[in-house]
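Please read it alongside the sequence and the structure.

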Amino acid sequence: MINGGSDAHLAVTAARAGASVVQDLYGSRLARYDKSAGDFATEADLAAEQAIVDVLRAARPDDAVTGEESGRSGAADAHRRWLVDPLCGTLNYAVRTMLVGVNVALREGDRVTAAATADPFSGEVFWTDGAAARLRSPDGTDERLTPHAGSALVDVNLDPPFPGAPGFQAVRLLADPGFAERFRPRVISSTLAVAWVAAGRRAAYVTDGDLRDSVHFAAGIALCRAAGCTVTGLRGEPVLTGADGLVAAADAQTHAALLALVKKQASGGS
């Protein structure tokens, strides 16, 4: 049970507030707001972010916030900064596919100390206080998240841009015979899948890109770490130390196998 005044409780409350908006607006005709490179936001993204920020501001008015849609607010060098991704899987949502997540994370200094990922349609919330990771069911009960690689399902981010190319390209990873021998790819195009690694519903998650202070990935990475997953960048370096992506795996063996496949790409497949 999380303390009602804790940062973890606030992360859960804020994520649920955003998820409620996402669920309420699902299926309605929503205006789209173009961003860049084919990316866009909908009215639901904006409204969910506002609901989340309202909860955070009411409880922690002195904290800084970075929202995917509204950008950075508060002191640039703030020790406490909330990272908000109000609707991860916007394209899924826009075409009425119920595979989205609502991410809220608190970074204190260089550590994420509280985080929550809410599934608006299942009613589940994956959350951590930085020490343990748990799943809150719609009935309010909590259970500890237990990673498990038995499914062999690996979710891979195939959304552009691809900053790691040509050294790493996710589609080449999927085409590698070594990948097919051991794993089965999945692509849900939402970082909800990162939370699923912590919960044992995926064996691993792989992406490239710069994830420092990422509103998309901070919550999922914190969940995986607290659940006991093996989490690094694409080359095995500490995650969030550079622009080098993420391999979050349920166990060390799965992680090592994926790192070897990534290394094989970087060496030209030899």
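Helices (H or I, at least four residues) and strands (E, at least two) are DSSP runs, numbered from the N terminus. On that basis the protein has eight helices and 15 strands. The radius of gyration, taken over C-alpha atoms and compared with a globule rule of 2.2 Å times the number of residues to the power 0.38, is 18 Å, close to the 18 Å that the rule gives for 270 residues, so the protein is as compact as a globular protein of that length. This is a predicted model, in which local features need pLDDT of at least 70 and side-chain atom pairs count only at pLDDT 80 or more, whereas totals for chains, interfaces and linings use all residues. Residues are numbered from 1 along each chain as its sequence is written, and side-chain values use heavy atoms, with hydrogens and water left out.

**Overall build**

- Along the principal axes, the C-alpha atoms of the protein fill a box of roughly 55 × 40 × 40 Å.
- Buried residues (under 20% relative accessible area, with exposed meaning over 50% and partly exposed in between, for a 1.4 Å probe and protein chains only) make up 51% of the 270 residues.
- Among contacts (heavy atoms within 4.5 Å) with a separation of 6 or more, 59% are between residues 24 or more positions apart.

**Helix α7**

- Helix α7, which spans residues 218-227, is mostly covered, with nine of its 10 residues buried; among them are I221, L223 and C224.
- Just after α7, G228 takes a positive phi of about 100°.

**E124 and its surroundings**

- E124, in the loop between β7 (111-118) and β8 (125-128), counts as buried at 15% relative accessibility.
- The side chains of E124 and R201 are joined by a polar contact of 3.0 Å, a term for a pair of N or O atoms within 3.5 Å, where within protein one must be able to donate a hydrogen and the other to accept it, and residues adjacent in sequence count only if both atoms are side-chain atoms.
- Leaving aside residues up to four places away in sequence, E124 touches T117, A118, D119, L135, R136, P138 and R201.

**Backbone features in loops**

- The loop between β11 (153-156) and α4 (170-175) holds P161, which a cis peptide bond with omega of about 0° joins to P160.
- P166 lies in the loop between β11 and α4, and the peptide bond from A165 to P166 is cis, with omega near 0°.
- R96, a residue other than glycine with a positive phi near 60°, is exposed, with a relative accessible area of 54%.
- D213 has a positive phi of about 55° although it is not a glycine, and D213 counts as partly exposed at 31% relative accessibility.
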